[in-house]
Structure formats: structure tokens, C-alpha cells
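Hello,

Here is the structure I promised to pass on. Please open it first, then read my notes below.

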Amino acid sequence: MKKYDFFKKDGLRPSAEQLLQTKVFYQHSGEIYAHFDQWKDIDRFYFIPLYLEMTYSLGWVAEIAPDPVWLGSFVRCNLEHPDLFQVQCPQCNQPVQPFRYVGSPLSGRVDLEYECSCGKKGFETVSGWQPRAIALRDQIATDTPRLRQYQKHHPDTAPATIDDLREYLKPQ
Ligand SMILES: [Zn+2]
């Protein structure tokens, strides 16, 4: 992918199974963020593919980042840029990270969708589509050499899933 080419290239849609697995992330993003240090160095979890569909159609389709977005790249980017990706929960005032964001490059409006550990679900509308797209794409570009190494050494390994990661994180 060209890093800042925001035009979506292909019309491929994620499969039902891929969308289902991505939904598991939406439902458990809080615990996955909270345990980042436990799984961030494990390639098979870091490179779980997410199909976030961060697209916006204006006659042509713009996307914050093309699918799949790697779980580790997404979580790391959001944790490392709280100014761009942190929401304050209106119910309990805790900081919370989004599980997805979509928006329009024309108006610049972005909706950060989140689910807080207190149970509050919602989204916060912020301004600044491009800096968020650039931050995420930079993180993906930074992680790409690590992905290539992993793929080279594990050419026949199917990607792990969010369910695999949750099983790994379960207290013994
Ligand atoms: Zn809350």
C-alpha cells in the first residue's frame, strides 16, 4: 500500500467470518487494551487481522487505513496517541480507547466508537480525519518489516483470532 494514498483500490469485501472475528474485538476491546503488554511481543497475536471497514464513500471511497488492520498496530497507535484517540467516558470519567473510527476526509469529522469497562457504549465526534489516518498508517508502515519477518518464518500458519488471544489472556 502507498502510505498516504487514501483512495480505496479494490472492491473486496471482508467475509462473514472475518467480520464476526472483528466484532469479537469490538466486544472485548477494553480487556485487550488493558493487557497490551502481555501480548504485544507475540507476533501471532500482534498480527491478528481486523476488518474495521474505516471507509467513507463520496462517490469515490476514502479509507483511514485499508483492511486488514493489524490488531497490534491499531492498539499501539491508539495508546501512543491519546491526544488523537482517547475518549473520556461520559458516565465514569475514565479514559477509554476506541475499537474503531470512521469519518469523512471532506468535513474532517471522525467518530471514535468505544465501549467503556463501566458498560457505557457510544461514540465521540472529533475533528481531524487526516492526522488520525496518518498516525495509523505510520504505525502500520513501522510494523510492516516485523510482519514480513513473521510471514517468512511462518509461511503456512493461519492467522490467530481474537478468540485465541482471549484464551491466552485467561487467568490460569
Ligand atoms: Zn465508563
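Start at the hairpin formed by β7 and β8, which have five residues between them. In that turn, Gly108 has a positive phi of about 85°. Helices (H or I, at least four residues) and strands (E, at least two) are DSSP runs, numbered from the N terminus. Two strands pair if DSSP finds at least two bridges between them.

A word on the source. This is a predicted model, in which local features need pLDDT of at least 70, side-chain atom pairs count only at pLDDT 80 or more, and totals for chains, interfaces and linings use all residues. Residues are numbered from 1 along each chain as its sequence is written.

Back to the strands. β7 covers residues 100–103 and pairs with β8 in the antiparallel sense, over four bridges. Arg100 has Glu113 in β8 as its bridge partner. On β9, Phe123 stands opposite Glu113.

Next, β8 (residues 109–115) and β9 (residues 121–127). They run antiparallel and are joined by seven bridges. Arg109 has Ser127 in β9 as its bridge partner. This pair is a hairpin too, with five residues between the strands. Gly119 sits in the turn, with a positive phi of about 105°.

Which β8 side chains are buried? Val110, Leu112 and Tyr114 are, and they point to one face. A residue is buried if 20 or more other C-beta atoms lie within 10 Å of its own, exposed if 12 or fewer, and partly exposed in between; C-beta atoms are placed from the backbone.

Now look at Ala135. This residue lies in helix α6 (residues 129–153). Ala135 is buried because 20 other C-beta atoms lie within 10 Å. Leaving out residues up to four places away in sequence, Ala135 touches Cys77, His81 and Leu84. Here, contact means C-beta atoms, placed from the backbone, within 7 Å. Leu84 is 51 residues from Ala135 along the chain, yet their C-alpha atoms are separated by 8.8 Å.

Last, the whole protein. It has seven helices and nine strands. Its radius of gyration (taken over C-alpha atoms) is 16 Å, close to the 16 Å from the globule rule for 172 residues, so it is as compact as a globular protein of that length. That rule is 2.2 Å times the number of residues to the power 0.38. Buried residues make up 30% of the 172.

Best wishes

Note on methods: Two residues are in contact if their C-beta atoms, placed from the backbone, lie within 7 Å.
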